[in-house]
Amino acid sequence: MKKTGLAVLSALFMFSYAPAQKKELDLAQSWGQKQSITKPINQVIGWKDAEHYLERDAQDGKVYAVHIKSQKRKAYTPEPNRDVRVFTREGDIFIRYGDGSEQQLTHSPEEKEENPTLSPDNKQVAFTLKGDLYSLDVESKETVRYTHDGSDVVYNGWSSWVYYEEILGRPTEYKAFWWSPDSKKIAFMRFDDSQVPVFPIYASKGQHGYLEQTRYPKAGDENPEVRIGLVELKGSDIVWADFNEKEDQYFGQPYWAYDSESIMIQWMNRDQTDLKFYYVDPTSGAKQEFYHEHQDTWINLDHSERITFLEDNKHYILKSDKTGWAHYYLYKLDGELVNPLTSGEWQVEKIQHIDEKGKVLFFTARKENSTRFDLYRVDFSGKNLKRLTFGDYYHQVSPSPDGKHFITTYSNVTTPTKIALINSKGKVLAEIADSKSEDFDNYNIGKTELLRIASEDGQYQLPLVITYPVDFDPNKEYPVIMSIYGGPDAGTVYDRWSGTANQYWAKEGIIQVAADHRASGHFGKKGVSLMHRNLGHWEMIDYQTVAKWLKDKPFVKNDKLLITGHSYGGYITCLALTKSSDYFDYGIAGAPVTSWELYDTHYTERFMDRPQDNPEGYKSGSVLTYVDKYKGGLRLLHGDLDDNVHLQQTTQLVDALTDGDIPFELMIYPGSRHGFGPSKRKYDFKERARFYYQYLLEKPLPEHF
């Protein structure tokens, strides 16, 4: 039968406006291993100078310098006088200028030089060797040895374990020495671990295995004795800062003055309630206190940005959370407060640039929303605070050397990463990149949203990020995976793009949740302080609130809520399956703390005080206390060489669980530290998937695993 013209037009109209079939992510795309709804973009990696930023090309991997005005780019060649790098290979020190050939500076294959660090003038390299501090002249190769008492318990310029892990920080790789700005002096810490208890770590490799003997102070134990020494470049008697190393104390990272005539040293008592700053004369060791802060709970001994000296040699900027919120303060060098630079119930994060001539501070902060960071400027007077970044996005900024321009890499949970160039007034000068693919709206994916729910007492709005299953139907029931960390001031919920790595489980019909509690940093130090002397208390109250909120939803399966985390997150997971087993059904806990007297002094006592001073807090914060509430469903993971959270922690929990005669799973990863090696991670990935399929989805593990 022949169609009329009207019928043909009608058919064409219906065909043209029928909803298009959406694409499905394939296996690699759903794991985030292959691009789909996003595309590769060039990554901004820094600045060449005030007029050019550096970007790494997403296609050829090369680095280019891009002009901020014209956006024209040229291949970037490292500059010999600027891009100087020292490094070690097979125990010897090498240096490379720009992209030139490398030069070997030491020739001692039987020795092992560590942490080679260039002086500010690029003419000297300081390093440590077998617990002693040295330097060498790059041109003449002349070596100067400053200390002579390094041993298996005495380390000069090399951190004791607890300082490396908790105070100076892992990025230092145990380095504990600092060049003066004029390259003529070196400050260093000397550690004596002779009174610190030894913790044996058994390695099973070989016929007889072997022991690693680690000086590890557990809560309540003796700490290392610490001295701060200062030496002249060409060699001199050591000048010791005027502190008594026998005192129960901590020292933070020191800061040299711009003129190198003095050094600022951070001191803290063992209880971590009093922080003092001292100027120390590097020629005599004499000290002069110029700042003292007390908090009834604790003070964080930050290893970065606690204090920033200005080039005028008259002022410094202090970062402190003494009001319950982290803010900046302008001080004179003698310790007199000029004025607060910021204030209010919000948190500053990081100084991005200081314009001393214009008397303006540029910084990032969590002001508009605690799940996002923005760039701000404020006058040294504390006036004219202004937000410079834009929109409801999480911004990561990179300032030009002169502070007149900033690159911002921004996104939110529903907007893939973009990059823009703004000036110091907040004007957007160029949209540099957008990772959103042309096919973004054509893919069928699980939707992600950021929301907040009221805490049980109504005092806090707890942030959550939820990814729903693909083709989510509110009339169906789905299992839930809740991923957490949970440590003090260590939230994981942010309004930023997380890629598609969570889409595999969304396709499999699992709801995925990330949640933070009241002491995770969203509510300032005021919120974090609630954890004082009672770790595990408020975290579980708030996570129970999240669990109840989820299980009240008609689309959540009532007996299929799994919680998972590593380290502190492993601790929370174990508590969830014991203390809070009425709310959580399954858990996968990696390297968990199970009882706080088994963890190190500085971290544990900051929050819990010493075991002898807070026995009830240690008892109520221990997973072992609640083993009788365990109902099943827990999988434990631990590396046998973990030198941070010892395998002892899991072993003691296993001992208690076996007495309860209720099944659990245990996986020990031989040769693994606090993190697992590549082959172990691959196996763990598959076993985690098996656990999800077996207990949440109740079906076999697919063959593609």
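Me: Two strands pair if DSSP finds at least two bridges between them. With that settled, in which sense do β10 and strand β11 pair, and over how many bridges?
Reply: This is a predicted model, and in it β10 and β11 (residues 132-137) pair in the antiparallel sense over six bridges. Val 125 stands opposite Leu 136 in β11.

Me: What about the hairpin of β10 and β11, which residue takes a positive phi there?
Reply: That is Lys 130, with a positive phi near 50°. This hairpin has two residues between the strands.

Me: Is β10 mostly covered or mostly open?
Reply: Mostly covered: six of the six residues in β10 (124-129) are buried. Gln 124, Ala 126 and Thr 128 point one way, while Val 125, Phe 127 and Leu 129 point the other way. In a regular strand, side chains alternate between the two faces of the sheet.

Me: Which residues of α11 are buried?
Reply: They are Asp 684, Glu 687, Ala 689, Arg 690, Phe 691, Tyr 692, Tyr 693, Leu 696 and Leu 697.

Me: What comes next, at Lys 699? Which side chain meets it in a salt bridge?
Reply: Glu 508 does, at 4.0 Å from N to O. Glu 508 lies in the loop between α4 and β41 (511-515) and Lys 699 in the segment after α11, so the pair ties together parts that are 191 residues apart in sequence. Glu 508 is partly exposed, with a relative accessible area of 23%, and Lys 699 counts as partly exposed at 41%.

Me: How many salt bridges does the count come to?
Reply: The count comes to 41 salt bridges. Glu 165 and Arg 170 form one of them, with the closest N and O atoms 2.7 Å apart.

Me: Is Glu 165 buried or exposed?
Reply: Buried, because its relative accessibility is 13% and the cut-off is under 20%. Arg 170, at 42% relative accessibility, counts as partly exposed.

Me: Which side chain does Arg 372 meet in a salt bridge?
Reply: Arg 372 meets Asp 392 (3.8 Å, N to O). This pair links distant parts of the chain, 20 residues apart: Arg 372 is in the loop between β30 (360-366) and β31 (374-379), and Asp 392 is in the loop between β32 (386-387) and β33 (394-399). Arg 372 is buried, with a relative accessible area of 13%.

Me: Last one: which residues are linked in a network of salt bridges?
Reply: Asp 248, Arg 270, Asp 271, Glu 605, Arg 610 and Asp 613 are linked that way.

Technical notes: Residues are numbered from 1 along each chain as its sequence is written. This is a predicted model: local features need pLDDT of at least 70, side-chain atom pairs count only at pLDDT 80 or more; totals for chains, interfaces and linings use all residues. Side-chain values use heavy atoms; hydrogens and water are left out. Buried means under 20% relative accessible area, exposed over 50%, partly exposed in between (1.4 Å probe, protein chains only). Helices (H or I, at least four residues) and strands (E, at least two) are DSSP runs, numbered from the N terminus.
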